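Hi everyone, thanks for coming. Let's have a look at one protein together, and please stop me whenever a word is new.

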Amino acid sequence: MITVMWKTADGETGEVLLDGDAKWTFGRTGGAEDLTVSVDNPAVSRTALVIRDAGPGPVVFRGQTDNGAKVALVSVIGSITWLDEGTAGNLTAEENRVEFSINDEVLVTIDVEFEQRGSVVERQQSAGA
């Protein structure tokens with residue numbers, strides 16, 4: 001189980017617990033999918049970010065097209081790993097914040113809390129044992 005907490009540029013905040021196949025999504029309103037957090041900004045893709053449980057840490061997928069957007073995985077000491085369009089990255093205990101910005105304006109900041117654990121396969125095998 002992971003806890004996803006977010007704050008938007010407009011001051012909206014929230015928190016959700018995810019487990020299994022559940023996912024947290026951020027994007028522009030108007031798509032086929034119900035989003036966890038949505039914005040009415042034409043520069044934001046319909047499914048700009050997706051966070052879901054994986055092992056050993058949650059995975060962040062960047063579906064956002066360029067449009068001046070940057071997606072950063074930020075560590076507790078402030079170092080940054082950038083996610084390119086169409087790529088994913090795993091969060092770790094040290095790197096558990098995601099910042100989504102367009103033209104240097106941070107639209108949403110996401111903090112993810114989780115316990116370190118084995119891969120999905122290792123957890124499935126131990127659950128079946």
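The protein chain has eleven strands and one helix. Helices here are DSSP runs of H or I with at least four residues, strands are runs of E with at least two, and both are numbered from the N terminus. Before we go on: this is a predicted model, where local features need pLDDT of at least 70 and side-chain atom pairs count only at pLDDT 80 or more, while totals for chains, interfaces and linings use all residues. Residues are numbered from 1 along each chain as its sequence is written, and side-chain values use heavy atoms, with hydrogens and water left out.

The accessible surface of the chain is about 7,000 Å², and carbon and sulfur atoms hold 47% of that; the areas come from the Shrake-Rupley method with a 1.4 Å probe.

Now for contacts, meaning heavy atoms within 4.5 Å. Among contacts with a separation of 6 or more, 46% link residues 24 or more positions apart.

On to the sheet. Six strands make an open sheet in the order E2-E1-E11-E10-E7-E8, with antiparallel pairing. At the edges sit strand E2 (13–18) and strand E8 (80–83), each pairing on one side only. From one strand to the next, the twist averages 20 degrees; the axes behind such angles are lines fitted to C-alpha atoms, and angles run from 0 to 180 degrees between N-to-C directions. Two strands pair if DSSP finds at least two bridges between them. In general, strands of a sheet pair through backbone hydrogen bonds, either parallel or antiparallel.

Let's zoom in on two pairs. Strand E1 (residues 2–8) and strand E11 (residues 105–113) run antiparallel and are joined by six bridges, and here Met5 stands opposite Asp111. E7 and E8 are antiparallel too, over four bridges, with Ala72 opposite Trp82 in E8. These two strands form a hairpin with four residues between them, and Gly78 in that turn has a positive phi of about 95 degrees.

Leaving aside residues up to four places away in sequence, Ser75 touches Glu94 and Glu95.
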